[in-house]
Amino acid sequence: MDYSHLAVVLDLSPGQWEGCSEELGLPSFLSQLLAFLNAHIALRDENTLAVFAALPGKSTMLYSSIDPPEQPSDMDPNAYPPFRQLDRAVVASIAGELDAPSEEPVALVGAMSKALCYMNRLALGQTALAEPRMLVLSVSPDQPADYIPIMNSIFSAQKLKATIDACQIYGPHTVFLQQAAHLTGGSYLHLDRRDALLQYLIMAFLPPPSIRRILAVPTQDKIDFRAACFCHKNIIDVGFVCSVCLSIFCQPVPVCSTCRTKFPIKTLKRLNAARPLPPASSPGPAPLSRPPGSANGLKH
C-alpha cells in the first residue's frame, strides 16, 4: 500500500454546530475526529496529515505532521507522542479560533484552497505525494457565491491528481461537494446517524483510493449536477449558457457579464418568447426552458 497525504478541512460554523448539538456536539465531534486522525497516522508510518479550519470569514491551518509544533514539556509518558501532539495542537487551535464570534459566512472554499496550495507546495518540494487526498467535513449548506471558486478547486485537484472526499454531517445535501467528490473520484456521504461519525469515517474515508477499489465502500446513489447562475448566484435547474465563455445565466441577457459578448436581438426575442408562463397556482418566477435548436440555453 502506498503512503498518502490527507488534508482534512473542518467546517467550524458556530451557528450550524449549535443546531446539531443535540445529536452531535462539538466536543463529541472532536473526540471522534481525533481518533480518526490518529488512525490515519498509525495506518502507515510514512502517512502525512494536515488539518485546516473553515471559520466565519477566514480559514487557517491547525496542524501539519510535516511541520509539527514543538512538543510541550509535560508530555504523558503513557501516550504515543505523535498522537498526543496532534490532539493538543488541534484542540488548542480550535479553542483559540472560536473565541471571537462572527456573523460572516464560513470560508469553506478558502480552507479547501489552502489545502490544495499546501499539497502543491509539498509536490514541488522534496516531499513526494503518492496519494494526495482531501476530506471535507461540512455542516453548512451550499453558498451559491462559492460555485465558481469550488469549481476552480475541483480543477486544481484534478491537476494535482488529488481526491476530494466529502461528509455532510448536518443539514441538507450539498450540491457542490457532491460534484467535487464525483469529479475527483472521491466519496460523498450524508450522515443518517451522527452519533456514529467515527464508524463512517473509518469505514468510508480511512482507506486511501487505491485500497477502496477492493473494498465495499459507500457510493453516491445520485449526483446533483445543478449549477449556480453567474448573475444572481442562485442554484438553477435550467439556464442559458454563453456560447463563448460558458457562463451560466438564469435568463437571457443581451451582453455576457463575463466575456462581454453581445448576443443578437433576434435570438434574445426567440428565447424570451419560448419561456413558458408561470402556472396560476404557483407564485415565483417562470421556469426557463431551452427552445429547440438554441445554442444559448442549457438544461441540467
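These legends describe close-up views of a predicted model. Local features need pLDDT of at least 70, side-chain atom pairs count only at pLDDT 80 or more, and totals for chains, interfaces and linings use all residues. Residues are numbered from 1 along each chain as its sequence is written, and side-chain values use heavy atoms, without hydrogens and water.

**View 1. Gln 179 in helix α6.** Helix α6 covers residues 175-183; helices are DSSP runs of H or I, at least four residues, and strands are runs of E, at least two, numbered from the N terminus. Gln 179 has a relative accessible area of 4%. That makes Gln 179 buried (under 20%; exposed is over 50%, partly exposed in between; 1.4 Å probe, protein chains only). Beyond four places in sequence, Gln 179 touches Tyr 147, Met 151, Ile 154, Asp 224, Phe 225 and Arg 226 (contact: heavy atoms within 4.5 Å). Phe 225 is 46 residues away along the chain, yet the two C-alpha atoms are 6.6 Å apart.

**View 2. Arg 133 in strand β4.** Arg 133 sits in strand β4. Arg 133 is buried but has no salt bridge (a side-chain nitrogen of Lys or Arg within 4 Å of a carboxyl oxygen of Asp or Glu). Asp 165, the nearest side chain of opposite charge, is 4.3 Å away. The Arg 133 side chain instead reaches backbone oxygens: that of Phe 205 at 2.7 Å and that of Leu 206 at 3.1 Å.

**View 3. Helix α2 and its cover.** Helix α2 has 18 residues, 26-43. Its buried residues include Phe 29, Leu 33, Phe 36 and Ile 41. Among the elements covering them are β1, α3 and β4.

Methods. Expected span 1.5 Å × (residues − 1). Lys, Arg positive; Asp, Glu negative; His and termini not counted. Polar contact = N/O pair within 3.5 Å; in protein donor to acceptor, adjacent residues only side chain to side chain.
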